[in-house]
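This briefing covers one protein chain and its ligands. The overall fold comes first, followed by each ligand site in turn.

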Amino acid sequence: MTLFLTPIRPVLKGLSVAIVALACFRSPLYAQSLNHDDTTINADNATIERGHYLAIAADCAACHTAPNGGKAYAGGYGIASPFGPIFSTNITPSKRYGIGLYTFKEFKHALREGIRADGAHLYPAMPYTSYTKLSDNDILALYAYFMLKVQSVDVAAPTTKLPFPFNIRMSMIGWNLLFLDNTRFKPDPTQSNEVNKGHYLAIALAHCDTCHTPRNALMAERGSMALSGASLSSWYAPNITSDPKSGIGTWSNDELVTYLKTGDLPGKSQAGGPMAEAIEHSFQHLSDADLKAIATYIKQFPAYANPGVQAARDTYGKKSNEEASVRGLALNTRNHGEELFSAECAACHRPTGEGSPDHYYPQLFHNTALGAPYPDNLITTILMGIRRTVNGHTVYMPGFGKGSFVDSLSDQDIADIANYVEQQFGNPAVIIKAEDVHIIRTGGPKPLLAQIGPYIAPAMIFGLVIVISLGIIVLKRIQRKK
Ligand code: HEC
Ligand code: HEC
Ligand code: HEC
């Protein structure tokens, strides 16, 4: 038992502290300082405008607006967690159903420490671990915007009802003690203003790291592997450090800006899934100066090389000239994947894989989804398709998964197509099995999970904390009995 406990001892120590804290603070932790703060908001238009821009940069609407026509910021988006949906709350200034009665101090506690006005702990599905780095001025601007400009919506968001013991919000105290770095952003004096500005935008506001950084067993970000790539249920957020092979070291700053603004970088990459959403709702609306600063920061980010990566993922494959030879051949001489590619994909991506001349249909060679050493984004793209609206224009690729217009493709069919395109246009070392497709297909309740998968990770943690806490209590009991 001792042996088993050794590696997790520091964690257990933190948890013991958490349990003591839990025992001591029966009453809401901040009850004393809260509710005595009568900040009169007297913000000028410039502050409110800044707050509006910050809300976009931080993508508050992504979670606080229900999909399919939900009222702005009225909550009700069910963020999937393994224990059931965690509903975002109404953060309009409605006094009854929203945050209309929040004082500035309470608002600040919610954003920085994940503590609600009534003292209850928020689940980290709300990314307060990122927002904690925001400056006082910026939180004030956000507060002014939400209180004075956002339309009040007098409708209650659904209540989050997780099963016992996950409904004990106090368990978050332990996780916060271990993983919440409750400090503000500090500019690095050895770096340029541009890099520092980009750092603040990318990490405190846009929270790139919450998706692109892998997490440890307790679902906190692994600082030593920051931005080195992470699995987000069905999607994979690639390595975006400056490593020339594993990361995006060979992209120019302008290319990164173009990608963030449009989601389409011909001859390199297109954005689907959660990245497409972030571009749609947030990044495309940022100023060019801010996007440039983000690119400058990301491009100087220390390289992290993932083991075994041979070449940059946008360098694989070439145009296929199989079309000509294939035309003369009887269908039965072509392999199954090729046939399916011909039937389902070639109309748009062309049999040669070169896409359309205007790039609306992207080329498949020199495409990061196919050159990556993992097939996740390729399989997910085939299953779920792509829909991204930027600057009023929508790009659309239909999904081929269940519920789509072709419901008939089996896991093996999709593996066959994926293997064909990998061999023909992508990374030939990647071999896809029907099981791989099955895993991605059953990645959970589809639309929610597909869109917001990354936020499952933080949600899982409090479950683990409770399980371990209970474990400690049981161990203590056993020891006492002895
Ligand atoms: C990734 C999803 C996500 C994003 C982005 C997000 N939130 Fe939240 N937020 C949530 C969820 C989920 C809850 C409810 C969590 C719970 O019930 O424990 C929440 C709760 C809150 C609360 C507590 C309200 C209450 O009394 O219930 C406030 C205030 C809040 N968010 C403000 C913001 C602001 C301001 C932003 C942007 C700067 C933002 N959120 C961005 C998911 C998000
Ligand atoms: C909500 C999760 C999420 C957030 C937030 C996010 N990303 Fe991504 N990102 C992804 C996913 C998933 C992909 C893969 C998309 C695809 O291939 O279709 C991706 C792809 C990318 C790519 C393309 C890499 C390649 O090889 O094709 C770049 C560059 C990138 N992200 C940069 C950023 C930056 C910079 C930020 C912050 C400003 C950011 N991302 C924020 C999830 C996210
Ligand atoms: C109706 C036209 C259409 C069909 C059919 C189609 N695609 Fe696409 N495909 C698109 C569009 C549009 C995009 C997105 C372009 C963008 O993001 O700018 C895309 C994007 C892609 C990407 C890049 C995704 C990423 O995340 O980087 C891959 C890979 C891909 N398609 C493969 C396929 C395969 C394989 C098939 C057949 C199973 C297929 N497509 C069928 C139109 C289509």
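**Fold and ligand sites**

Within the protein chain, 67% of the contacts with a separation of 6 or more are between residues 24 or more positions apart. The model is predicted. The chain has 482 residues, of which 51% are buried, and its secondary structure consists of 22 helices and 8 strands.

**Iron of ligand 1**

- His64 (NE2) and Met126 (SD) coordinate the iron atom of ligand 1 at 2.0 to 2.2 Å.
- This pair joins distant parts of the chain, 62 residues apart: His64 belongs to helix H4 (residues 60–64), while Met126 sits in the loop between helix H5 (104–113) and helix H6 (128–131).
- The arrangement around the iron atom of ligand 1 is octahedral because its 6 donor atoms subtend angles of 88 to 179 degrees.
- For six octahedral donors, the ideal angles at a metal are 90 or 180 degrees.
- His64 has a relative accessibility of 10% and therefore counts as buried.
- Met126 is also buried, its relative accessible area being 19%, where the cut-off for buried is under 20%.

**Surroundings of ligand 1**

- Ligand 1 is surrounded by 25 residues, and the closest of these are Cys60, Cys63, His64, Tyr102 and Met126.
- Helices H4 and H5 each contribute at least two residues to the shell around ligand 1.
- By class, this shell holds 19 nonpolar, 3 polar and 3 charged residues.
- The side chain of Tyr102 places an N or O atom 2.4 Å from an oxygen atom of ligand 1.
- Thr89 has a polar side-chain atom 3.2 Å from an oxygen atom of ligand 1.
- A polar side-chain atom of His64 is 2.8 Å from a nitrogen atom of ligand 1.

- Thr368 has a polar side-chain atom 2.6 Å from an oxygen atom of ligand 2.
- For Gln270, a backbone N or O atom lies 3.4 Å from an oxygen atom of ligand 2.
- In the side chain of Asn377, an N or O atom is 3.3 Å from an oxygen atom of ligand 2.

**Asn377**

- Asn377 is part of helix H18 (residues 376–384).
- Leaving aside residues up to four places away in sequence, Asn377 touches Trp235, Tyr236 and Pro238.
- The relative accessible area of Asn377 is 13%, so the residue is buried.

**Iron of ligand 3**

- The iron atom of ligand 3 has His349 (NE2) and Met397 (SD) as its protein donors, at 1.9 to 2.2 Å.
- His349 counts as buried because its relative accessibility is 10%.

Key
Residues are numbered from 1 along each chain as its sequence is written. Chains are lettered from A and ligands numbered from 1 in the order in which they are written. This is a predicted model: local features need pLDDT of at least 70, side-chain atom pairs count only at pLDDT 80 or more; totals for chains, interfaces and linings use all residues. Side-chain values use heavy atoms; hydrogens and water are left out. Donors are N, O and S atoms within 2.8 Å of the metal (3.2 Å for Na, K and Ca); water is not among the atoms, so sites may look incomplete. Buried means under 20% relative accessible area, exposed over 50%, partly exposed in between (1.4 Å probe, protein chains only). A polar contact is a pair of N or O atoms within 3.5 Å; within protein, one must be able to donate a hydrogen and the other to accept it, and residues adjacent in sequence count only if both atoms are side-chain atoms. Helices (H or I, at least four residues) and strands (E, at least two) are DSSP runs, numbered from the N terminus. Contact means heavy atoms within 4.5 Å. Four donors count as tetrahedral if all angles lie between 85 and 135 degrees; four count as square planar and six as octahedral if opposite donors are over 155 degrees apart and all others between 65 and 115; anything else is irregular. A residue is near a molecule or strand if one of its heavy atoms lies within 4 Å of it. Ala, Val, Leu, Ile, Met, Phe, Trp, Tyr, Cys and Pro count as nonpolar, Asp, Glu, Lys and Arg as charged, and the others, Gly among them, as polar.
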